[in-house]
Amino acid sequence: MNASLPALLAGLILAGLSCAPRPTPDSAQGGGSVIFPPAAGTAVFSGPAGTDVARAAVTASGRYDLTLPPDPTLPAAAPTLLDLLGPALPEGTAATCQGSLTTNPPAARLLVLSGGRYLIGAQVTGTLRPAPQAIGTQQVQVTTRQFVYSDRAATLGSAQTCTFTSGGLTVPGTLRVRPTLRRGWNIMETRLELGPDRLNADVTDAATGATVDWLYRPRSD
């Protein structure tokens, strides 16, 4: 087995795994858990450009519920591979893929909530990133979910060959993108299959019953 894959798995397990799913949010409501919050606080969720989109009160146990804005400001350009896959990859892992990402219709614009920050009172105590769920031993599957807004019904499609790099080591893999999105807020799911010397990524719309969980990371400064 390539030495990079056990390192990726160890990082995911030590980072913490998300809790069990709760009821599916509707087009303007969302919820889930923040994993390992230091105390009750406020989660501020943002898009790839770092623009604040929504905020939610978080209990000491990590539970949150929020109202997603009905008409958020959208990026001028279509989503990129980094927008979709980047937040789901283990930290420090880079992907280089060959192939195109298509949006149908091409005019559709999406907003992916890819991260955020955590406040206790007015103080920012940490950052937020999508929380992984991991299952399996020899063939490990890691799942993350994100809120994504689409300004119209749309589908995304891609089948790419990729290389994934972590700690200077590289493994081959594939990326398949195939979510079907309704107008408004959706939940997008990324599944990473980590096997001996290979990593495959599959991006779809989440099944009924899914929620979105976030991993709290304390500030390093």
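**Exercise 1.** Is Phe36 buried or exposed?

*Solution.* This is a predicted model, in which local features need pLDDT of at least 70, side-chain atom pairs count only at pLDDT 80 or more, and totals for chains, interfaces and linings use all residues. Residues are numbered from 1 along each chain as its sequence is written, and side-chain values use heavy atoms, with hydrogens and water left out.
Step 1: buried means under 20% relative accessible area, exposed over 50%, and partly exposed in between (1.4 Å probe, protein chains only).
Step 2: the relative accessible area of Phe36 is 54%, so Phe36 is exposed.
Step 3: although not a glycine, Phe36 has a positive phi of about 65°.

**Exercise 2.** Determine which residue forms a salt bridge with Asp202, and describe the surroundings of the pair.

*Solution.* Step 1: a salt bridge is a side-chain nitrogen of Lys or Arg within 4 Å of a carboxyl oxygen of Asp or Glu.
Step 2: the partner of Asp202 is Arg176, with the closest N and O atoms 3.2 Å apart.
Step 3: the pair links distant parts of the chain, as Asp202 lies in strand β16 (residues 198–205) and Arg176 in strand β13 (residues 169–177), 26 residues apart; strands (E, at least two residues) are DSSP runs, numbered from the N terminus.
Step 4: Asp202 counts as buried at 9% relative accessibility, whereas Arg176 is partly exposed at 44%.
Step 5: through shared partners, salt bridges join Arg145, Arg176, Arg178, Glu189, Arg191 and Asp202 into one network.

**Exercise 3.** State which peptide bond is cis, with omega near 5°.

*Solution.* The bond runs from Asn104 to Pro105. Pro105 is found in the loop between β6 (102–104) and β7 (110–112).

Conventions. Helix = DSSP H or I, 4+ residues; strand = E, 2+ residues; numbered from the N terminus.
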